[in-house]
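Me: Got a model open here and I'd like to talk it through. Can you walk me around it?

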Amino acid sequence: MAPDALEPAADEDLAEVAFQHVADDGAAGRRWWDANAAEYLDEHGEFLGPADFVWCPEDLREADARLLGDVAGARVLEVGAGAAQCSRWLALQGADVVATDISEAMLAAGRRYDEAAGVSVPTVVADARRLPFPDATFDVVFTAFGAIPFVPDAGAVHAEAARVLRPGGRWVCAVTHPLRWAFPDDPEGLTAIRSYFDRRPYVELGTSGTVLYAEYHRTLGDHVADLVGAGLVLDRVVEPEWPAGHDRTWGGWGPVRGALLPGTAIFVSHRP
Ligand SMILES: C[S@@+](CC[C@H](N)C(=O)[O-])C[C@H]1O[C@@H](n2cnc3c(N)ncnc32)[C@H](O)[C@@H]1O
């Protein structure tokens, strides 16, 4: 899921936070996740579990939602897998799963969960926009907040998912709900502070102007256009509701705003 403020990634100090277009091809994402893997998992690892499949801060679990369908015996690919908690859970359900991520440090950090979970999965370092797998290899491809928010060209992620899926195969991706862009990071903030239609990315710049971190916003219509543009058929958009009694905040997600507005959008699609 999306990080909240952690330490800057490069060897330089954070100088500026801005909403502006920058020269970043997604490389800032790899550097940032490599540098912050340990802190991210220290903060969120307990919630995500060693071998659990949590789709989003609303605590929607694949065990209940079944957005991937029947995975027993299925060939499944996770992109932007982070520490591969979801993949480990799927392996326990009988899936033949591979976890990929652009950050070697995130995948490596996840290996510390293997023993606790009693299961390990194959991992491959790969950019979700250039997957090292032949066409039509998988029955299911998915990501829970991986890759898409961190690249300027999300259409390339959808196109690669479509390419490596067999015809009829399913692509499911969870992202920050586009509506959240308009609201502050404070999970109790209920006043829109920026335009939902402002596509300038959120960027953190170092003292030399290096992009330390970048997160890209797309409207709901942009996400649908990217998916359909990749030749996929959109089946459902799931907007998980904040469950009663769930009081764990995660960055801008929490029960106060969650009672009124969605925080996560999950797109369920398939290759025709
Ligand atoms: C918020 S985590 C999602 C992983 C896991 N579901 C979680 O909630 O921790 C985002 C992941 O996307 C990965 N990522 C960023 N850009 C990527 C890219 N271009 N290709 C593949 N993975 C990428 C990061 O390295 C990070 O592990």
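Me: What does the UniProt annotation cover?
Reply: This is a predicted model, and the unreviewed UniProt entry carries the annotation "domain: Methyltransferase type" for residues 77-172.

Me: OK, and how far apart are the end C-alpha atoms of residues 77-172?
Reply: They lie 11 Å apart. By secondary structure, the span is 33% helix and 27% strand.

Me: Let's talk packing. How many residues are in the largest nonpolar core?
Reply: The largest nonpolar core has 43 residues. Those with the most contacts inside it are Phe53, Trp55, Leu68, Val76, Leu90, Phe142 and Val172.

Me: Which elements give two or more residues to this core?
Reply: On the helix side, α1 (27-48), α3 (85-92) and α4 (104-110) do. The strands are β3 (96-101), β5 (138-144), β6 (165-176) and β10 (264-270).

Me: And which one gives the most?
Reply: That would be α1, with seven residues.

Me: What lies apart from it?
Reply: Another core, of 26 residues. Val151, Val157, Ala161 and Ala162 are among them. As background, nonpolar side chains tend to be buried together in soluble globular proteins.

Me: Back to α3. Why is it largely enclosed by the rest of the structure?
Reply: Six of its eight residues are buried, so α3 is largely enclosed.

Me: Which ones are buried?
Reply: Gln85, Cys86, Ser87, Arg88, Trp89 and Leu90. Leu90 also shows up among the residues with the most contacts inside the largest nonpolar core.

Me: What follows α3?
Reply: Gly94 follows, and its phi is positive, near 95°.

Me: Switching to the loops. Where is Arg218, and is it buried or exposed?
Reply: Arg218 sits in the loop between β8 (211-215) and α7 (220-229). It counts as buried because its relative accessible area is 9%, and the cut-off for buried is under 20%.

Me: Which backbone oxygens lie by its side chain?
Reply: The backbone oxygen of Ile148 is 2.9 Å from a polar atom of the Arg218 side chain. For the backbone oxygen of Pro152, the distance to a polar atom of that side chain is 3.4 Å.

Me: Now the outside. Which residues form a nonpolar patch on the surface?
Reply: Leu190, Val256 and Leu260 do, and together they have about 270 Å² of accessible area.

Me: Where does Leu190 lie, and why does it count as partly exposed?
Reply: Leu190 lies in the loop between β6 and β7 (202-206). Its relative accessibility is 43%, so Leu190 counts as partly exposed.

Definitions and conventions. Residues are numbered from 1 along each chain as its sequence is written. This is a predicted model: local features need pLDDT of at least 70, side-chain atom pairs count only at pLDDT 80 or more; totals for chains, interfaces and linings use all residues. Side-chain values use heavy atoms; hydrogens and water are left out. UniProt positions are given in the numbering used here, feature names are shortened, and annotations may be inferred rather than shown by experiment. Helices (H or I, at least four residues) and strands (E, at least two) are DSSP runs, numbered from the N terminus. A nonpolar core is a set of buried Ala, Val, Leu, Ile, Met, Phe, Trp, Tyr and Cys residues joined through side-chain atoms within 4.5 Å. Buried means under 20% relative accessible area, exposed over 50%, partly exposed in between (1.4 Å probe, protein chains only). Patches are made of residues with over 30% relative accessible area and no salt bridge: like charges are joined within 9 Å, nonpolar side chains (Val, Leu, Ile, Met, Phe, Trp, Tyr) within 5 Å. Accessible areas come from the Shrake-Rupley method with a 1.4 Å probe; for residues, only the protein chains shown count as cover. A salt bridge is a side-chain nitrogen of Lys or Arg within 4 Å of a carboxyl oxygen of Asp or Glu. A polar contact is a pair of N or O atoms within 3.5 Å; within protein, one must be able to donate a hydrogen and the other to accept it, and residues adjacent in sequence count only if both atoms are side-chain atoms.
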